[in-house]
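I'm opening my notebook on this chain and jotting down what I look up as I go.

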Amino acid sequence: MITIEEVSKTFPDGTEAVKDLSLEIEEGETVVLLGTSGSGKTTTMKMVNRLIEPTSGRISVDGQDIMDQDPVQLRRHIGYAIQSIGLFPHMTLGENISVVPQLLGWDQPRTDDHVDQLLNMVQLEPEVYRDRFPSQLSGGQRQRVGVARSLAGDPPVVLMDEPFGALDPITREQLQNEFLELEDEIKKTVVFVTHDVFEAVKMGDRIALLDAGELQQLSSPAELVDNPANEFVSQFLGQQRFQLALVTRTLEFLLDKGIVERTDEELPDGPSLSRHDSLIQALDRFKTTGETVLPIRGGGRAIGELSKKKLLSIIAEVLGESGEESQ
């Protein structure tokens, strides 16, 4: 879906923000660009929709070179969500979300239906919120609208630049969880920028760790934590590797590895686990519900089942492995 081939960016002052970067992002995949300030992650993301022009190399989206396309038309087909949200204060939420569909020439009934659908998807009732203004919302609600607006033109690609970074920890985690559930429905190709390694391992199918404009490692969250590619990666993760070992083991990871058997059944009423839940989140869910066995949900179905006893055994095994690695 997105191919970045030997791309570099040098700014007029001589700063080399990105150096010979190559990576491929598959259709429907979420790749997180991770790194400290100045690592080139935001510059890389902004080159995908030509907010920043590459100095050399080639970027293609769905097989088309972005430099062969009109930048305005290109951006209308790529969603963009940022930390500061950027909602128009004089427009209602419905008007904010409908900007891109109107630019694309959608008729009013189709636009109105799509606005309502998106508001529902981000858990804001259209009848209540459609005609409100951004100043009447909380920070978390405004960020939800920002995400909805990034999806408004039904773009195949969505760029997200630290979209939850300005929120308090509780709201941030809630929106991360909601976006992961939403991504199961919308199946978009997402480029997600963050400096927070815990957010990266939670949100990404793969993580591209950058330093001084160069790619240090591109891998799954578990591979990044378990097998750092070099000394920089190891030092970047540092003392957090112990905690990250529990965060990168999601229930999806357990299902993929055959540690937990997959099913395909109707989701029963009552509490359940999400396939995106980490081992820690799953343990907390058992604690709050008091259940000993919980179904694992994915796409509205029960795709597995996990017992508290099995979960504790898996956690003990992971902690044992992490302890051995740190010695």
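In which helix is Leu103 found? I find Leu103 in helix H4, residues 99–103. Before going on, a note on the source: I'm looking at a predicted model, where local features need pLDDT of at least 70 and side-chain atom pairs count only at pLDDT 80 or more, while totals for chains, interfaces and linings use all residues. Residues are numbered from 1 along each chain as its sequence is written, and side-chain values use heavy atoms, with hydrogens and water left out.

**Entry 1**

I looked up how open Leu103 is, and it is partly exposed, with a relative accessible area of 46%. My scale: buried is under 20% relative accessible area, exposed is over 50%, and partly exposed is in between, with a 1.4 Å probe and protein chains only. I also checked Leu103 against Gly298: they are 195 residues apart along the chain, and their C-alpha atoms are separated by 35 Å.

Next I went to Ser135, which sits in the loop between helix H6 (126–129) and H7. Is Ser135 buried or exposed? Ser135 is exposed, at a relative accessible area of 68%. For the element names, I use DSSP runs numbered from the N terminus: helices are H or I with at least four residues, strands are E with at least two.

**Entry 1: the six-stranded sheet**

I traced an open sheet of six strands in the order E6-E7-E8-E3-E9-E10, with mixed pairing. Two strands pair if DSSP finds at least two bridges between them. Strand E6 (78–82) and strand E10 (214–219) are the edges, each pairing on one side only. From one strand to the next, the twist averages 15 degrees.

Then I went through the neighbours. E7 and E8 pair in the parallel sense over five bridges, and Val158 stands opposite Val190 in E8. Strand E3 (residues 30–34) is also parallel to strand E8 (residues 189–194), and five bridges join them. Along that pair, Thr30 stands opposite Val190 and Leu34 opposite Thr194. E3 pairs with E9 too, in the parallel sense over four bridges, with Leu33 opposite Ala208.

E9 and E10 run antiparallel and are joined by five bridges; there, Leu210 has Leu215 as its bridge partner. Their hairpin has two residues between the strands, and I noted that Ala212 takes a positive phi near 50 degrees in it.

Why do I call E8 largely enclosed by the rest of the structure? Because six of the six residues of E8 are buried. Thr189, Val191 and Val193 point one way from E8, and Val190, Phe192 and Thr194 point the other way.

**Entry 2: helices on that sheet**

Helix H1 (residues 41–48) lies across E3, E6, strand E7 (157–161), E8 and strand E9 (206–211), running at about 150 degrees to E7. Helix H7 (residues 139–150) lies across E6 and E7, at about 165 degrees to E6. Contact here means heavy atoms within 4.5 Å. The angles run from 0 to 180 degrees between N-to-C directions, on axes fitted to C-alpha atoms, for helices over the stretch in contact.

**Entry 3: the other sheet**

I also found an open sheet of four strands, ordered E2-E1-E4-E5, with antiparallel pairing. Its edge strands are strand E2 (16–25) and strand E5 (64–65), each pairing on one side only. Six bridges join strand E1 (residues 2–10) to E2, and Lys9 stands opposite Val18 in E2.

How many cavities of 30 Å³ or more does the structure hold? I count one. On a 1 Å grid over the protein atoms alone, a cavity is a set of points where a 1.4 Å probe fits but cannot get out, and lining residues have an atom within 4 Å of a point. The largest cavity has about 100 Å³ of space.

Its lining includes Met121, Gln143, Phe164 and Glu178. H7 and helix H8 (169–186) are the elements that give two or more residues to it, and H8 gives the most, with four.

Definitions and conventions: On a 1 Å grid over the protein atoms alone, a cavity is a set of points where a 1.4 Å probe fits but cannot get out, and a pocket is an open set with protein on both sides within 12 Å along at least five of seven lines; lining residues have an atom within 4 Å of a point. Grid points are joined across faces, edges and corners, and a volume is the space filled by probe spheres set on the points.
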